[in-house]
Amino acid sequence: MIQDVIMLILSLAFILISCIFFTNSVEWLGKKLNLNQGVVGSILAAVGTALPETIIPIIAIIFYSGKEASQIATGAILGAPFMLSTLGFLMTGVAVILYSSANKRSIKMNADPNVFRRDLAYFILIYTLAIFTSVFNQFNEVRLASVVLLLTLYLLYVRATFNSEGKIEQNVEELLFSRIFSLPPTLSWIIIQLFISLSGIIFSSHLFVGYVKDLSHLMGVSPLILSLVITPIATELPEKFNSIVWVGQKKDTLALGNITGAMVFQSSIPVIIGILLTPWNITGIAFLSATLALTSATLNLIWINMKKSVNPFILMSGGILYGIFLLTVIH
């Protein structure tokens, strides 16, 4: 068991290292293509750092079989938006307060309210449809219609994000390949770093699924609960880490877009995979996680519609919702 735990930790570490390289190359790609912060944060960075959570259920479904594989896949799919909308928001809000306490920034967030509002609205719409589909999962026609609608909505979201106006961020940290190998940050090297880091994410995600399954057997814990709690916390770390860094740099639009953009992506593309390749039966603790994710997003959407700004304390309310989930799991 100790060996499995060690290998699980090592696979997670490799996932995170790969994601750091991936996100760094994504930022440089956005700079090279002259894209605004909304696109870089909500699309490029969000999709990049969401890859582990997306790949894990795919790996579980393709390379493993039976009820356990479906539980791991479903848990990873639903756990991602839940962790982002609760712990992700909590850590971002806490980071703002801590940085402001240290006089590193103002407690007032300068995030673009239009980006935040758009992302939350799309997430609530898409994720509600995804959960609604599970009620009628016995009808193939409903499943197929939902898949088409989910994909259409995400594509509309991407188009709206690219068409939106916003600040173009030029202050990007040095390309990691440039720092390590003294290479120029050309488009070719950016793409090479992108490809290598993506390969690392896929390989380490494959290892991770196997060890989650093994540990669930050894611990006598349901793979669904293990993948709902452990998998998303680990694989969402890139979003949380990047958001904390961006908050310290006063890049609040990037910080929040990285989280909310991933929420939109996770509630559509991985859900499509779940609807097509798993029983997609969302009940019990899985349904609770989805409900709490929607609650957190709704609270923040109501606030920004009322006050036209993002509030770190409202973001931190996600911690209360996560606490409710943990208490339910424990009992």
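Close-up 1. Thr253 is buried, with a relative accessible area of 10%; here, buried means under 20% relative accessible area, exposed means over 50%, and partly exposed is in between (1.4 Å probe, protein chains only). This is a predicted model, in which local features need pLDDT of at least 70 and side-chain atom pairs count only at pLDDT 80 or more, while totals for chains, interfaces and linings use all residues. Residues are numbered from 1 along each chain as its sequence is written, and side-chain values use heavy atoms, with hydrogens and water left out. Thr253 sits in helix H10; helices (H or I, at least four residues) and strands (E, at least two) are DSSP runs, numbered from the N terminus. Leaving aside residues up to four places away in sequence, Thr253 touches Gln37, Asn110, Ala111, Asp112 and Val115, where contact means heavy atoms within 4.5 Å. Follow the chain and you will find Val40 213 residues apart from Thr253, yet their C-alpha atoms are separated by 9.8 Å.

**Close-up 2. Asp252 and Arg105, a salt bridge between distant parts of the chain.** The closest N and O atoms of Asp252 and Arg105 are 2.7 Å apart in this salt bridge (a side-chain nitrogen of Lys or Arg within 4 Å of a carboxyl oxygen of Asp or Glu). The pair links distant parts of the chain, with Asp252 in helix H10 (residues 252–266) and Arg105, 147 residues apart from it, in the loop between helix H3 (66–101) and helix H4 (113–135). Both partners, Asp252 and Arg105, are buried.

**Close-up 3. Two further salt bridges.** The structure holds 3 salt bridges. One of them joins the side chains of Asp119 and Arg118 at 3.3 Å, N to O, and both Asp119 and Arg118 are buried. Another brings together Arg179 and Glu174 at 3.8 Å, N to O. Arg179 counts as partly exposed because its relative accessible area is 47%, and Glu174 is partly exposed too, at 40%.

**Close-up 4. Ser25 inside helix H1.** Ser25 belongs to helix H1 and is buried, with a relative accessible area of 0%. A polar atom of the Ser25 side chain lies 2.7 Å from the backbone oxygen of Phe22. Beyond residues up to four places away in sequence, Ser25 touches Leu175, Ile190, Gln193, Leu194 and Ser197.

Close-up 5. Asn103 is not a glycine, but its phi is positive at about 60°. You will find Asn103 in the loop between H3 and H4, where it is exposed, with a relative accessible area of 71%. Lys250, also not a glycine, has a positive phi of about 65°. Lys250 is in the loop between H9 and H10 and counts as partly exposed, at 47% relative accessibility.

**Close-up 6. The largest pocket.** The largest pocket has a volume of about 280 Å³. On a 1 Å grid over the protein atoms alone, a pocket is an open set of points with protein on both sides within 12 Å along at least five of seven lines, and lining residues have an atom within 4 Å of a point. The lining of the largest pocket has 15 residues, with Asn24, Glu27, Glu173, Asn242 and Val245 nearest its centre. Helix H1 (2–32), helix H6 (176–181) and helix H9 (237–248) each supply at least two residues of this lining.

Technical notes. 1 Å grid on protein atoms, 1.4 Å probe; cavity = no way out; pocket = protein on both sides within 12 Å on 5 of 7 lines; lining within 4 Å. Points joined across faces, edges and corners; volume = space filled by probe spheres on them. Polar contact = N/O pair within 3.5 Å; in protein donor to acceptor, adjacent residues only side chain to side chain.
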